[in-house]
Structure formats: structure tokens, C-alpha cells
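Have a look at the sequence and the model, then read on.

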Amino acid sequence: MEAEDELAERARKLFAGPIDFLKSAPGLQFLPDPTVPEIAFAGRSNVGKSSLLNALTNRNGLARTSNTPGRTQELNFFDVGRPLRMRLVDMPGYGFAEAPKDMVRRWRFLINDYLRGRAVLKRALVLVDARHGLKPVDHEVMDMLDGAAVSYHLVLTKADKVKRTDLEPVLERTAEQAAKHPAAHPAIFTTSSETGSGMPELRTAILEATE
Ligand code: GDP
């Protein structure tokens, strides 16, 4: 088997195997011991982050949506593989229009502290709605990742809702904007949790980032 196929096959098997919720960490003192590589998922609320985590791990209800702003201040950790191979980290959604200022500030502190102090964090995935492209608040988060020198992929979500001809310009514009961010990886993923498109590629990229 070619090396690429071999990696893809291992990624498929890993994500088809045991994956368990570990814990919610509302602050840095609650983080699990940094024993295995971590991959973090970020995105505006409603971007489809829970759906993507569920599609990626072939599970319904692993990640639950919390559309109430007050309940979004935790990092959720999921153990992947037995023996433990990596952790997925569901970061709190951002960009609630009605979020109170001090909540936004707390979010910034939690995320910045986590991003800056976590040597095992190998990559972040910044989810972006394929219908809308990058918003100013996404750039703020990308700036935080740039500043913390955490490399990240942009992942377009809900691609099934966009016609192919409409997707091309969004991809092009997103790539142009990403090129201005030093820690943004040039490869942009296009996914749909509804159809499962893009999931094998994303699983492979995640495994690769942890090796
Ligand atoms: P979160 O707030 O980022 O966790 O977003 P959710 O995963 O809860 O998704 C928000 C809404 O978008 C829900 O109504 C989902 O059913 C819908 N959604 C998420 N992903 C997709 C997708 O790939 N395709 C379509 N058509 N809808 C999606």
C-alpha cells in the first residue's frame, strides 16, 4: 500500500474505534495531563462544530450543541483510541451577537491561555460556514492562533448547502485571506456533516498532524 493510503486507512480505523468523552474544563486548572497530542476545534456558534465532531467520529450525540451563550465557556475533551492515541478538544463557540462583554473576555482568556501553554496541541481546525466565508470574528481567532504559533486548517462546513459554482469563489477568497495569516495551513478542507463529504480527508489530516 502507498504511504498515503496507509495513513488514510489508519485514520479511518482510528475514528471507527473507541472515542469517549473525557471531561469539560471550565478553566486551565481542570485540563487533563498533557500526555497525548491534542487537536482543537474552533468556530462561530452554529457553524456546525458539534455536527462535524459527530460525523468525524461516526457518532451521534458525542458532541452536543449548546446554543445557550452561558453554557459555552468550557473546553470539552474527547479521548480517541484505546490505547489512547490523541484527544479532540471542542472549544467553546464564539461570535454570539448577544454575548455580554465579560463573557467574551473570559472566553478570550481561557482560549489564549490554553493555546499558549499547551505543547501537546498539534493543530487547530477553524470551522467556517461555506455559505458565508470568513467573518471578522474568525480573523480575531486566527490572530490568536497566529500569536500562539498554533498551526491550523480552515474547514468549510455545510458544503451541501452551497452550489458548486458558489463554492469556488468562497474557497478562493478564503484561501486569499488565509494566506495573510502566518499560522494558517494552505490546505483548506471542504466538508459536509450531512453527506459525510470531506470527512476521510479531515481524519487523515488530523492523524498526520499528531505524528
Ligand atoms: P455548532 O453550534 O457549531 O455546534 O453547530 P451545530 O452542529 O449544532 O449545527 C448548527 C445547525 O446547522 C444545526 O441545525 C445543524 O443541523 C446544521 N448543520 C450542521 N452541519 C451541517 C451540514 O453539514 N449540512 C447541513 N445541511 N446542515 C448542517
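1. How many residues of strand β3 (residues 75-80) are buried? The answer is 6 of its 6, so to speak a mostly covered strand, where buried means under 20% relative accessible area with a 1.4 Å probe, protein chains only. Strands are DSSP runs of E with at least two residues, and helices are runs of H or I with at least four, numbered from the N terminus.

2. A word on the source: this is a predicted model, in which local features need pLDDT of at least 70 and side-chain atom pairs count only at pLDDT 80 or more, while totals for chains, interfaces and linings use all residues. Residues are numbered from 1 along each chain as its sequence is written, and side-chain values use heavy atoms, leaving out hydrogens and water.

3. Now look along β3. L75, F77 and D79 point one way, whereas N76, F78 and V80 point the other way, and all are buried. In a regular strand, side chains alternate between the two faces of the sheet.

4. Strand β1 (residues 19-25) pairs with β3 in the antiparallel sense over 6 bridges; pairing requires at least two DSSP bridges between the strands. F78 in β3 stands opposite F21.

5. Strand β4 (residues 86-90) is also antiparallel to β3, over 5 bridges, and its L88 is the bridge partner of F78. The two strands form a hairpin with 5 residues between them, and G81 in the turn has a positive phi of about 90°.

6. Stepping back, the protein has 6 helices and 7 strands. Buried residues make up 52% of its 211 residues.

Key
Buried means under 20% relative accessible area, exposed over 50%, partly exposed in between (1.4 Å probe, protein chains only).
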